[in-house]
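I opened my notebook to look up a few contacts, starting with charged pairs and ending with a pair of helices. Come along and follow the entries with the structure at hand.

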Amino acid sequence: MFSESGSFMKGVLMGGLFCLVLSLLGSLSPAMESGTEENQHHHHHVKAPSKEELKSLTEIEMEELSHHVRVYCIIMVEPKLLVYWATAKDTWSKHCDRAAFYTSEASKAFEAINLNEKDEWARLRKALKHAFDNAGDLRWFFLAQPTTFAIIENLKHLVLTKDPTEPFYIGHAMKSGELEYVEYESGIVLSYEALNRLVKVFQDEDKCPERGRALWKLSEEKQLGICLKYTGVFAENGEDSHGNGLFNSKSVDSLISDSMKNNPSNVVEGCCSDLAVTFGGMSPNQMQVMMFGVYRLRPFGHDFHDSLLFYPPEGSDND
């Protein structure tokens, strides 16, 4: 009797393990069933144009580019994080050509697009679809959490010479098994074509299910990476012309602390790129300090001699 019971328990455990493996494979199937072209794809880097490249452009070309690169900011918020929401609205988001806040439920405090959806992945899908349908002539999309601080002008500089009709998916590229994806905490940049393909694959429940089928839930950033990979869009690491990363999941304070330990003789250069696009995990106080340092503090008499100017959206109250 005891032997039969033991065999039964072994069978249950083996069966459970088998189901677990099947479920995991099912959740990652878009990455594992990709075609030859996808399997041969090698992760690459998207670099911002160097000063030399900018100098090669004519004044007319520079003027056209400064008006052509426009960004729709998609900021995901929740009423329980009201102070973060308020800070993002009061600081960096004013530099977006259009900033839309997407919320899980209505709030009387701030104007936002209520998606009436508790599930984070389902809510993100709805927000991306809404942004795509309402973008007008904007061709670049920036997806951020309310704890992210972004320097939109540096984002525009990064994609300045890139064609939004090509499928770009840029940020801090990460890897999990065979899947390459862009980290959500440090912000995600999508070109018009990348979002166009994504919105289309949303309609295919087999390739990009709205509700995950795994025994455990995948994060939104991985779900996004899987769905994009199914359309032939791959994660790319945003870097400056020297190869330094532009998208940071940590705050400036944390990065400087790390640099003081690892590069005590060269703290600033060891910390971050001069053209950094984002810093993540920021508190409201840190975001206000960043706003002051990036947009308001001016060393008298100093001129950076920037060859390109990005003009604020018409009617904007940005700094």
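**Entry 1: R70 and D137.** I looked up R70 and D137 and found that their side chains meet in a salt bridge, with 3.0 Å from N to O. I kept in mind that this is a predicted model. R70 sits in the loop between α5 and β2, while D137 sits in the loop between α7 and β5 (140-144), so the pair ties together parts that are 67 residues apart in sequence. Next I asked myself: is D137 buried or exposed? D137 is exposed, at a relative accessible area of 53%. R70 is partly exposed, and its relative accessible area is 26%.

**Entry 2: R70 and D97.** I stayed with R70 and found a salt bridge to D97, where the closest N and O atoms are 3.9 Å apart. Here the loop between α5 (59-68) and β2 (71-77) holds R70, and the loop between α6 (82-90) and β3 (98-103) holds D97, so this pair ties together parts that are 27 residues apart in sequence. I checked D97 as well: its relative accessibility is 15%, and because the cut-off for buried is under 20%, D97 counts as buried.

**Entry 3: E193 and R197.** I moved on to helix α9 (residues 192-201), where E193 and R197 are 4 residues apart, which means about one helical turn separates them. The two form a salt bridge, and their closest N and O atoms are 2.8 Å apart. E193 is buried, with a relative accessible area of 17%, whereas R197 is partly exposed at 27%.

**Entry 4: the network.** Which residues are joined by salt bridges that share partners? I noted R70, D97, D137 and K156, joined into one network. For the whole structure I wrote down 10 salt bridges.

**Entry 5: α7 and α10.** I turned to a helix pair. Helix α7 (residues 120-133) and helix α10 (residues 220-230) have axes that come within 10 Å and cross at roughly 55°. The two helices are therefore oblique to each other, and their crossing is right-handed. I then asked which residues of α7 meet α10. On the α7 side they are E120, W121, L124 and L128, and on the α10 side they meet E220, Q223, L224 and C227. I sorted the residues of this contact and got 5 nonpolar, 1 polar and 2 charged.

Note on methods. Residues numbered from 1 in each chain as written. Predicted model: local features only at pLDDT ≥ 70, side-chain atom pairs only at ≥ 80, totals over all residues. Heavy atoms only, no water. Axes fitted to C-alpha atoms, helices over the stretch in contact; angles between N-to-C directions. Parallel < 35°, antiparallel > 145°, perpendicular 65-115°, else oblique. Left-handed = near helix turned anticlockwise from the far one by under 90°. Contact = heavy atoms within 4.5 Å. Nonpolar A, V, L, I, M, F, W, Y, C, P; charged D, E, K, R; others polar. Salt bridge = Lys/Arg side-chain N within 4 Å of Asp/Glu carboxyl O. Buried < 20%, exposed > 50% of the residue type's maximum accessible area, 1.4 Å probe, protein only.
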